[in-house]
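Subject: Structure for your review

Dear colleague,

Please find the structure below, followed by an account of what was found in it.

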Amino acid sequence: ANAEDVVLRGLTDDQRATLLATPTDDGYRLDIRLQGEHETVFFAL
C-alpha cells in the first residue's frame, strides 16, 4: 500500500524512510527526529 500512496510517492527515499515504521522483534519502531540528521519530514498544511 505504501508504494501506491500519493504522498509517499512524492518524497525522496530518504524522506520517505523518516515516515515509515520498521519491524522489530516485538513490534515496530518509529523514531521522530525534530532536527538534524535523518530529520522527520513534516508537512505544512
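Which residues line the largest pocket? The lining consists of Asp14, Ala17, Thr18, Leu20, Thr22, Arg29, Leu30, Asp31, Arg33, His38 and Thr40.

Before going further, please note that this is a predicted model, in which local features need pLDDT of at least 70 and side-chain atom pairs count only at pLDDT 80 or more, while totals for chains, interfaces and linings use all residues. Residues are numbered from 1 along each chain as its sequence is written, and side-chain values use heavy atoms, with hydrogens and water left out.

The pocket

Rolling a probe the size of a water molecule over the atoms shows where empty space is left. A pocket here is an open set of points on a 1 Å grid over the protein atoms alone, where a 1.4 Å probe fits, with protein on both sides within 12 Å along at least five of seven lines; lining residues have an atom within 4 Å of a point. The volume of the largest pocket is about 230 Å³, a volume being the space filled by probe spheres set on the points, which are joined across faces, edges and corners. Its lining residues divide into three nonpolar, four polar and four charged. In this grouping Ala, Val, Leu, Ile, Met, Phe, Trp, Tyr, Cys and Pro count as nonpolar, Asp, Glu, Lys and Arg as charged, and the others, Gly among them, as polar.

The chain as a whole

The protein chain has two helices and two strands, arranged along the sequence in the pattern α-α-β-β. Helices (H or I, at least four residues) and strands (E, at least two) are DSSP runs, numbered from the N terminus. The C-alpha atoms fill a box of roughly 35 × 30 × 20 Å, taken along the principal axes. Of the 45 residues, 13% count as buried; buried means under 20% relative accessible area, exposed over 50%, and partly exposed in between (1.4 Å probe, protein chains only).

The salt bridges

Side chains of opposite charge can pair when their charged atoms come close. The structure holds three salt bridges, each being a side-chain nitrogen of Lys or Arg within 4 Å of a carboxyl oxygen of Asp or Glu.

One of them joins Asp13 to Arg16, with the closest N and O atoms 2.6 Å apart. Both residues lie in helix H2 (residues 13-17), three residues apart, about one turn of the helix. Asp13 counts as exposed because its relative accessibility is 60%.

Asp31 pairs with Arg29, the closest N and O atoms being 3.0 Å apart, and its side chain also meets that of Arg33 in a salt bridge (3.8 Å, N to O). Arg33 has 36% relative accessibility and therefore counts as partly exposed. Salt bridges that share partners join Arg29, Asp31 and Arg33 into one network. Asp31, at 33% relative accessibility, is partly exposed, and so is Arg29, at 48%.

Where is Arg33 placed? Arg33 is in the segment after E2. Leaving aside its neighbours within four places in sequence, Arg33 is in contact (heavy atoms within 4.5 Å) with His38, Glu39, Thr40 and Phe42. The C-alpha atoms of Arg33 and Thr18, 15 residues apart along the chain, are separated by 8.3 Å.

His38 is also found in the segment after strand E2 (27-29). Its phi is near 65°, a positive value in a residue other than glycine. His38 is exposed, because its relative accessible area is 52%.

Yours sincerely
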